[in-house]
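Look through the sequence and the structure below before reading on. The paragraphs after them go from one chain to the contacts between parts.

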Amino acid sequence: MRIKFKLDGEYVEVDAKHTDTLLKILKDKLVVGSVHFGCGEGTCGACIVLVNGRPRYSCLTLAGYVDGKEVTTVAGLAHDGELSEIQKAFLENDAAQCGYCTPGMILTAKALLDRNPSPTDEEIFDALAGNLCRCTGYVPIINAIKSLSKKR
Amino acid sequence: MSGQFAAVGAPIKNVQLLGHVTGTTQYVDEISFPGMLWIKAVRSPVARGKIRKIDTSRAEKVPGVIKIITAKDVPNNIHVNMAGIGIGPPDEPVLPEDEVKYKGEAICLVVARDEETALKAAQLVEVEIEELPPVLDMEEALKPDAPVITKWGVNAFIYGSGMDGATKPGRPGRPFFLVRRGDVETAFKQADKVVKGSYVIPPIEHAPIEPHVCVAKPEPGGKLTIYTTTQAPYFVRDNVATILNIPASNIRVIAPAVGGGFGGKVDPEFEMQVAVAAMRVGRPVKWRWTREEEFTISTTRPAIKVEMEDALSKDGLILGRRARLLHDSGAYTRTSPYGVIKSTVNLSGPYHIPNVYYEGYCVYTNRQPSSAMRGYGVFEVSYAVELQMERDARTLGVDSWEFRFKNAYRNGQVTATGRPIDDAYLVEVMKEAASLAGVKLPPHLLQMSSWG
């Protein structure tokens with residue numbers, strides 16, 4: 001089948017099998033380097049992208065689902081070489097070690113802040129519940145998100 | 001201090017951070033070449049057995065299957081991880097010739113045009129295995145009537161016979177690593193109390209979010225480039241050179257950013273298999289392990305059992321310690337003989353024990369091979385040592401802070417292996433830890449120091 005969607009602001013059109021996941025299409029066909037395979041079963045969050053602004057595990061999303069929708073990866077957050085606020089906050093707070101979970105973390109954080117600009121600690125923990133960091137650098141990640149909370 | 005030096009006392013940024021937050025950091029999984037093929041393994045369903053037949057005829061007929069790789073395709077099948085630094089014995093096949101030794105061991109590899117085709121064909125390979133009784137428990141493995149699963153006739157590594165790479169062949173060996181100091185028999189005769197403890201740690205999986213991924217690409221002139229998620233590119237180069245029987249200078253190992261390793265990517269576990277496949281088919285080949293393979297095939301921290309016995313004086317000193325440590329190496333050697341040495345020499349923990357007798361066994365069982373993980377050999381033993389310290393203190397009726405302060409290493413003492421201590425800080429560290437934890441230590445402990 002032919003699917004057409006907006007990837008980081010640009011229209012793309014690809015051939016996909018009905019059984020292809022969004023992760024497979026992004027990695028193999030569209031060569032998106034920032035979407036990572038971690039578990040393949042919707043547990044770790046390394047493959048998270050935003051579909052119409054909501055975080056989704058791309059390993060569990062069938063490619064056909066995003067037909068006509070907007071998909072955002074971490075590469076779509078910077079504009080004209082200028083990092084987005086959330087990327088800057090991760091950079092300033094040293095909120096990454098090996099970096100494999102980082103794109104998923106940033107996109108989950110962006111979706112949270114877009115719908116709730118001043119999350120409480122509990123709301124941040126809840127939002128990140130589907131993103132694993134095995135380097136266990138959660139505190140700097142939470143600090144990065146808190147630094148953008150409008151209450152501060 | 002930070003005014004004086006550029007680096008000392010100054011925070012340093014992770015140089016990879018910008019790549020991480022922009023998603024441009026290069027991991028192996030993003031590396032691809034035109035015509036690249038994929039691998040899937042046919043794995044053993046049993047922990048131990050004789051391979052009677054491998055029938056690949058149905059799998060070979062699947063469109064897109066290029067080749068099925070078996071032991072016959074490997075020029076020099078048997079290797080050991082640390083051969084490059086003189087650790088023996090080579091005991092692990094790239095692919096087993098006639099016997100499987102752990103559940104999930106790769107029997108043969110299907111090379112196909114994509115991952116799905118390789119997986120589909122792998123499920124069509126028919127393997128006939130005659131199941132043999134496995135050895136799954138370390139104590140059972142050491143019993144005289146246990147099934148023998150090593151080539152040298154005992155389910156333990158022999159230290160001192162030349163097998164360890166450190167001693168000359170022909171020297172008498174022991175099935176354990178021995179650390180002995182002082183006169184432990186007299187210490188136990190003089191003891192006011194003797195405290196025994198037994199401690200067990202299960203295997204621990206590193207579980208990095210990035211699984212094992214390797215791409216091997218044949219180059220002109222019999223050369224090979226290997227892109228792999230490794231923490232130890234030189235181990236990969238040496239082992240691949242050994243099993244391909246080609247000079248190490250023909251192999252280039254590229255280790256891009258690693259998405260978490262924690263020691264789980266030190267062992268060359270699958271690079272040899274990918275290398276053989278690439279050389280046999282003459283095209284770039286990729287293998288990415290599934291999460292299930294990460295848990296069931298990749299190395300773990302070893303399971304450990306420690307039995308400890310302390311001779312204590314009523315004024316709260318450890319006069320002597322006996323210990324017997326079992327380390328589960330799994331089916332093959334990997335780095336375990338070295339891990340056992342680290343464990344055994346650390347059985348005193350950071351405490352001064354003048355008389356010791358420690359035996360460390362590197363035990364072979366029909367389980368997935370174990371290897372390094374953060375603080376290899378030391379962490380496992382620290383758990384046993386610290387629980388034993390608590391047990392000692394409670395038996396004596398002494399506060400456990402006081403017991404640790406009294407027995408902590410002081411500068412000028414020597415370790416169990418005779419190394420003079422000149423960098424002891426345990427007393428100072430414990431004072432700081434107590435303060436951070438809100439524990440009020442009595443003045444006589446606060447007056448103690450590592451220098452006297």
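The model is predicted: local features need pLDDT of at least 70, side-chain atom pairs count only at pLDDT 80 or more, and totals for chains, interfaces and linings use all residues. Residues are numbered from 1 along each chain as its sequence is written, while chains are lettered from A and ligands numbered from 1 in the order in which they are written.

Begin with chain A as a whole. Chain A has five helices and five strands, where helices (H or I, at least four residues) and strands (E, at least two) are DSSP runs numbered from the N terminus. Their order along the sequence is β-β-α-β-β-β-α-α-α-α. Chain A is as compact as a globular protein of its length, because its radius of gyration is 15 Å, close to the 15 Å that the globule rule gives for 152 residues. That radius is taken over C-alpha atoms, and the rule is 2.2 Å times the number of residues to the power 0.38. The C-alpha trace of chain A spans about 50 × 30 × 25 Å along its principal axes.

Of the 152 residues in chain A, 47% are buried. A residue is buried if 20 or more other C-beta atoms lie within 10 Å of its own, exposed if 12 or fewer, and partly exposed in between, with C-beta atoms placed from the backbone. Helix α1 of chain A, residues 22-29, is mostly covered, with six of its eight residues buried. Leu22(A), Leu23(A), Lys24(A), Ile25(A), Leu26(A) and Lys27(A) are these buried residues. They pack against β2 (10-15) of chain A.

Next come contacts, in which the C-beta atoms of two residues, placed from the backbone, lie within 7 Å. In chain A, 59% of the contacts between residues at least 6 apart in sequence join residues at least 24 apart.
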